[in-house]
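Trainee: I am new to this structure and would like to go through it step by step. Could we start with the overall picture and then turn to single residues?

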Amino acid sequence: MSKVVTTYHQRVAREKRAQIVTAATALFLELGYDRTSLARIAERSGVSRATLFKQFPSKAALFDAIVTESWSTADEEEPPPAGNLVEGLGIIGRRYAELLGRAQMADLFRIVIAELPRFPELAHAQFSQGKMPYFESVRSYLLAEHEAGTVRVEDVDLAATQFLGMISNYVFWPALLVPGWEVSADRVAEVVDEAVRTFAARYAVPEPGTSNRRRS
């Protein structure tokens with residue numbers, strides 16, 4: 001098989017996979033996880049049942065794909081290099097705000113919340129395969145900054161939670177719970193900048209020649 005033909009088939013497979021994930025997400029929201037069958041998803045997405053089962057042998061595998069798609073980024077969320085805390089946190093904060101602003105992220109949380117009483121495994125999948133890998137990337141960045149001597153962080157888990165929470169509590173949770181809640185791009189940028197400044201004020205190691213008062 002030629003390279004051109006192989007590339008074509010790979011592109012078609014990616015497109016069909018995206019169609020399936022989109023259709024499944026919409027049906028899980030409309031009908032609930034339990035009432036949505038793989039056959040119905042195949043019909044909604046416009047693919048054959050054989051194609052769907054080849055990609056996703058079970059609803060659990062399909063939900064895992066929704067989690068992965070919701071938390072994925074084009075650059076695979078590589079942490080910025082350590083050495084410039086304000087610049088690095090700014091990059092991470094903007095990435096996080098963009099991620100939370102996606103429609104599929106809100107849809108994922110709505111599915112998990114609605115199905116939590118009957119399908120707690122969905123919440124576990126969302127947490128372990130989506131939230132935690134992302135959190136670990138932020139945690140790794142803060143550890144690198146700590147080792148570089150730019151910050152003094154005794155509890156890196158708490159510090160990462162604080163930084164991400166300052167962003168999500170403004171740009172995501174109200175939008176998930178309050179109909180019509182919208183945050184402008186300028187306001188999002190302001191929220192991220194304030195989160196960076198607040199974090200730096202608490203944890204950054206003062207540069208030589210500046211005040212060395214202990215932050216509390």
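Mentor: Before we count anything, note that helices (H or I, at least four residues) and strands (E, at least two) are DSSP runs, numbered from the N terminus. This is a predicted model, in which local features need pLDDT of at least 70 and side-chain atom pairs count only at pLDDT 80 or more, while totals for chains, interfaces and linings use all residues. Residues are numbered from 1 along each chain as its sequence is written, and side-chain values use heavy atoms, with hydrogens and water left out.

Trainee: How many helices and how many strands does the secondary structure of the chain come to?

Mentor: Reading along the sequence gives the pattern α-α-α-α-α-α-α-α-α-α. The secondary structure therefore comes, with helices and strands taken as DSSP runs, to 10 helices and 0 strands.

Trainee: What box do the C-alpha atoms fill, and what share of the residues is buried?

Mentor: Taken along the principal axes, the box filled by the C-alpha atoms is roughly 70 × 45 × 30 Å. For burial we use relative accessible area, where buried means under 20%, exposed over 50%, and partly exposed in between (1.4 Å probe, protein chains only). Of the 216 residues in the chain, the buried share is 39%.

Trainee: Which residues make the nonpolar surface patch of about 300 Å²?

Mentor: Patches are made of residues with over 30% relative accessible area and no salt bridge, like charges being joined within 9 Å and nonpolar side chains (Val, Leu, Ile, Met, Phe, Trp, Tyr) within 5 Å. One of the residues in this patch is Trp181, which is found in the loop between helix H9 (173-177) and helix H10 (185-203) and counts as partly exposed at 35% relative accessibility. The patch is made by Leu177, Val178 and Trp181.

Trainee: With which residues is Val188 in contact, leaving aside its neighbours within four places in sequence?

Mentor: Val188 has its place in helix H10, and its C-alpha atom is 42 Å in space from that of Ser48, a residue 140 positions away in sequence. Contact means heavy atoms within 4.5 Å. By that criterion, and with those neighbours left aside, Val188 is in contact with Ala97, Val171 and Val183.

Trainee: Is Arg102 buried or exposed?

Mentor: Arg102 is found in the loop between helix H5 (85-100) and helix H6 (103-115). Leaving aside neighbours within four places in sequence, Arg102 is in contact with Glu69, Ser70, Ser72 and Thr73. Because its relative accessible area is 16%, Arg102 is buried.

Trainee: How far apart are the C-alpha atoms of Gly83 and His146?

Mentor: Gly83 lies in the loop between helix H4 (59-71) and H5, and, not counting residues up to four places away in sequence, Gly83 touches Glu145 and Thr150. Gly83 and His146 are 63 residues apart along the chain, and their C-alpha atoms are separated by 9.5 Å.

Trainee: How many salt bridges does a search of the whole structure find?

Mentor: Side chains of opposite charge can pair when their charged atoms come close. A salt bridge is a side-chain nitrogen of Lys or Arg within 4 Å of a carboxyl oxygen of Asp or Glu. The number found in the whole structure is 9.

Trainee: Where do Glu15 and Arg11 both lie?

Mentor: Glu15 forms a salt bridge with Arg11, the closest N and O atoms being 2.9 Å apart. Glu15 is partly exposed at 38% relative accessible area, and Arg11 is partly exposed at 36%. The two residues are 4 residues apart, about one turn of the helix, and both lie in helix H1 (residues 3-31).

Trainee: How far apart are the closest N and O atoms of Glu194 and Arg197?

Mentor: Both residues lie in helix H10, 3 residues apart, about one turn of the helix. Glu194 is partly exposed, with a relative accessible area of 39%, and Arg197 is partly exposed as well, with 48%. In their salt bridge, the closest N and O atoms are 2.6 Å apart.

Trainee: Which residues are linked with Glu115 in a network of salt bridges?

Mentor: Glu115 counts as buried at 5% relative accessibility, whereas Arg118 counts as exposed at 53%. These two form a salt bridge with their closest N and O atoms 3.2 Å apart. In the network, Glu115 is linked with Asp34 and Arg118.

Notes:
Accessible areas come from the Shrake-Rupley method with a 1.4 Å probe; for residues, only the protein chains shown count as cover.
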